Amino acid sequence: MTTTNPYTPFLSEIKEVIKHTDIEYTFRMTFSGDAKPGQFFEVSLPKFGEAPISISGIAEDTVDLTIRRVGKVTDEIFENYVGDSLFLRGPYGNGFSIDNYIDKEIILIAGGTGLSPVKGIADYFSAHPKETKGFTLVAGFKSPNDVLFKADFEKWKKNLNVILTVDTPIDGYCGKSGMVTEYISSIPVKNIDDAIGIVVGPPMMMKCTIDELLKKGFKEANIWISQERKMCCGIGKCGHCKIDDTYICLDGPVFNYTKGKFLKD
Amino acid sequence: MGYQINKTKMNTLFTDLLENYTIYAPKRFVGGGTFADTDCIRYGEISTLEEIEFSEKSDYSFKEVLLPISETLFYFTEAVIKESDPPPKEAIVFLRSCDLHSLNRLDTIYLKNGPVDPYYKRLRDHTHFILMGCENTFENCFCVSMGTNLSTNYDAYIKVTAEDVLIDSHWNLLDQALANSQPFTVVPDSVSINKISVEIPESIPQSVFDSTLWDDYTTRCIACGRCNFVCPTCTCFTMQDLFYSDNGKAGERRRVWASCQVDGYTDVAGGHAFRENKGQRMRFKVMHKISDYKKRFDTQMCTGCGRCDDICPEYISFSNCINKVNALVKEENR
């Protein structure tokens with residue numbers, strides 16, 4: 001049974017740990033198979049359980065998993081990672097296809113940890129700026145203390161138009177503040193019929209952001225979203241991620257808005 | 001082939017089968033019911049014909065034979081992961097027509113939706129199904145509406161009469177064992193009419209999702225999940241790891257039954273949950289059973305056994321809800 005058992009995790013070595021905030025770290029894990037932004041792994045420490053974690057970076061022999069210390073499994077990962085390994089299975093889900101966005105104007109809007117599944121898209125166009133006709137990243141976080149991927153923002157600023165905003169500024173913060181939605185209308189777009197919008201974040205943020213994009217004239221078919229759900233198995237069995245006749249783990253988590261708008265919890 | 005044999009011979013046959021098979025059938029657990037002085041009828045291992053409860057509907061379905069309530073997938077010892085062993089014997093399961101149709105729903109999820117589930121398959125491939133007839137409908141059944149009242153894909157059909165046992169076998173093993181028995185034409189008992197019938201709309205418009213119909217269940221439903229646990233077509237589970245209290249280095253990964261009606265089903269890390277309102281959970285379940293599953297797999301999911309109505313402590317009726325949805329759709333289409 002071993003060779004065909006999709007539930008069997010494999011051991012992956014932690015190569016590096018990048019601390020973003022007190023509760024959010026990126027774990028750079030050994031993995032040499034194919035992976036796309038927006039796909040996810042089931043990450044586990046045996047005896048503590050599994051949790052679905054999206055891929056926040058892809059390199060030749062590694063994948064980045066940005067983990068927030070908010071659940072039973074992730075608490076345990078934070079306590080036990082030092083010089084160690086984690087168990088993984090995956091990657092699961094469809095992920096974002098970069099091909100759909102090449103040679104287009106792109107507005108990528110992410111809220112909080114919603115930046116993880118789309119970070120690979122920003123990385124790609126930052127490294128290949130000639131393959132886009134204009135790339136704006138709008139990223140929102142609760143407060144300056146919650147900002148993730150600070151080093152990456154510095155890198156992205158060189159080739160991409162980056163708008164980094166926080167809901168609640170604190171003393172000494174001199175960046176932008178306010179909701180991501182406030183910045184959308186002022187982003188210049190030359191060809192609205194062909195412009196791509198990518199939106200990932202908490203449910204209410206996604207809804208308001210999509211409304212803004214549609215108001216700006218974006219076509220529904222040019223808007224892409226990713227849905228966060230409780231994927232217990234990742235392979236269409238456990239039922240937790242089902243919405244209508246859709247299994248987020250098999251058919252998503254990335255959806256074109258023409259399909260995504262019908263997903264009703 | 002059909003046969004007529006006496007009960008002693010049937011029990012001898014059971015004894016022979018028990019060498020290589022575990023036989024599961026509905027049994028009466030006296031005093032085990034939900035209310036005082038009531039019995040529970042649920043699945044258990046049997047070794048004689050007399051232990052099988054033929055006269056009443058089982059409170060729980062056969063599904064726990066193929067999907068154990070708690071199933072160990074792996075054992076962990078330090079860094080070593082060992083898959084759990086399959087049961088040593090094959091299985092024989094006694095079940096009614098609605099449940100045999102439900103088997104098809106379980107197969108669809110576990111063998112066809114995404115990759116094959118090896119834990120389900122290893123049980124499924126070694127399980128044989130014996131049909132129990134229904135002379136009359138039971139309370140809350142609506143199998144006729146769901147088209148699940150007749151079955152032909154059984155390994156055998158067994159009926160116990162006052163004197164004898166009638167068998168219709170599709171299984172070589174039984175045909176060989178009964179080779180010297182009296183041939184007999186046996187047609188399975190089945191119902192052609194239930195006291196309850198449902199009408200399911202061909203397509204359900206989006207407006208039904210937003211209807212106030214679901215509000216009726218918001219305070220009535222207590223989110224106990226019993227309807228899911230008795231349902232022969234509910235297949236959800238949650239992964240659960242544990243470690244042994246006297247040796248923290250060893251532990252196991254299990255999957256345990258889950259319910260879309262119970263708190264925590266949709267919780268994602270950080271505490272966000274979807275469908276916190278119980279009326280919306282009812283809508284999610286009903287739509288899955290009579291619409292979503294069909295959109296994806298072309299057959300209705302619900303098989304009309306009515307166990308959810310039998311078990312509900314709040315007397316919520318699923319069949320009644322289906323008919324309410326149908327009335328609403330008719331109203332909208334008018």
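1. Overall make-up. Chain A contains 7 helices and 15 strands. The radius of gyration of chain A is 18 Å, close to the 18 Å that the globule rule gives for 265 residues, so chain A is as compact as a globular protein of that length. Keep in mind that this is a predicted model.

2. Extent and burial. The C-alpha trace of chain A spans about 55 × 45 × 35 Å along its principal axes. Of the 265 residues in chain A, 53% are buried. Now take the contacts in chain A with a separation of 6 or more: 68% of them join residues 24 or more positions apart.

3. Two domains. Chain A is assigned domain 1 (2–92) and domain 2 (98–226). Their centres, taken over C-alpha atoms, are 25 Å apart.

4. Where the domains touch. In chain A, 12 residues of domain 1 are in contact with 14 residues of domain 2. Which elements give two or more residues to the domain 1 side? They are strand 4 (49–58) and strand 5 (62–68) of chain A. Strand 4 of chain A supplies the largest share, 5 residues. By type, this side of domain 1 of chain A has 3 nonpolar, 7 polar and 2 charged residues.

5. Contact between the chains. Chain A brings 34 residues to the contact, and chain B brings 37. On the chain A side, strand 4 of chain A gives the most, with 3 residues. The residues on this side of chain A divide into 13 nonpolar, 10 polar and 11 charged.

6. A strand covered on both faces. Look at strand 12 of chain A, residues 223–226. In a regular strand, side chains alternate between the two faces of the sheet.

7. The parallel neighbour. Strand 11 (residues 196–200) of chain A runs parallel to strand 12 of chain A, and 3 bridges join them. In this pairing, A:Val199 has A:Ile225 as its bridge partner.

8. The antiparallel neighbour. Strand 12 of chain A also pairs with strand 15 (residues 254–256) of chain A. This pairing is antiparallel and has 3 bridges. Here A:Ser226 stands opposite A:Val254.

Key:
Residues numbered from 1 in each chain as written. Chains lettered and ligands numbered in written order. Predicted model: local features only at pLDDT ≥ 70, side-chain atom pairs only at ≥ 80, totals over all residues. Domains from an automatic or database assignment. Contact = placed C-beta atoms within 7 Å. Helix = DSSP H or I, 4+ residues; strand = E, 2+ residues; numbered from the N terminus. Nonpolar A, V, L, I, M, F, W, Y, C, P; charged D, E, K, R; others polar. Rg over C-alpha atoms; globule rule 2.2 N^0.38 Å. Buried ≥ 20, exposed ≤ 12 C-beta atoms within 10 Å, placed from the backbone. Pairing = 2+ DSSP bridges.
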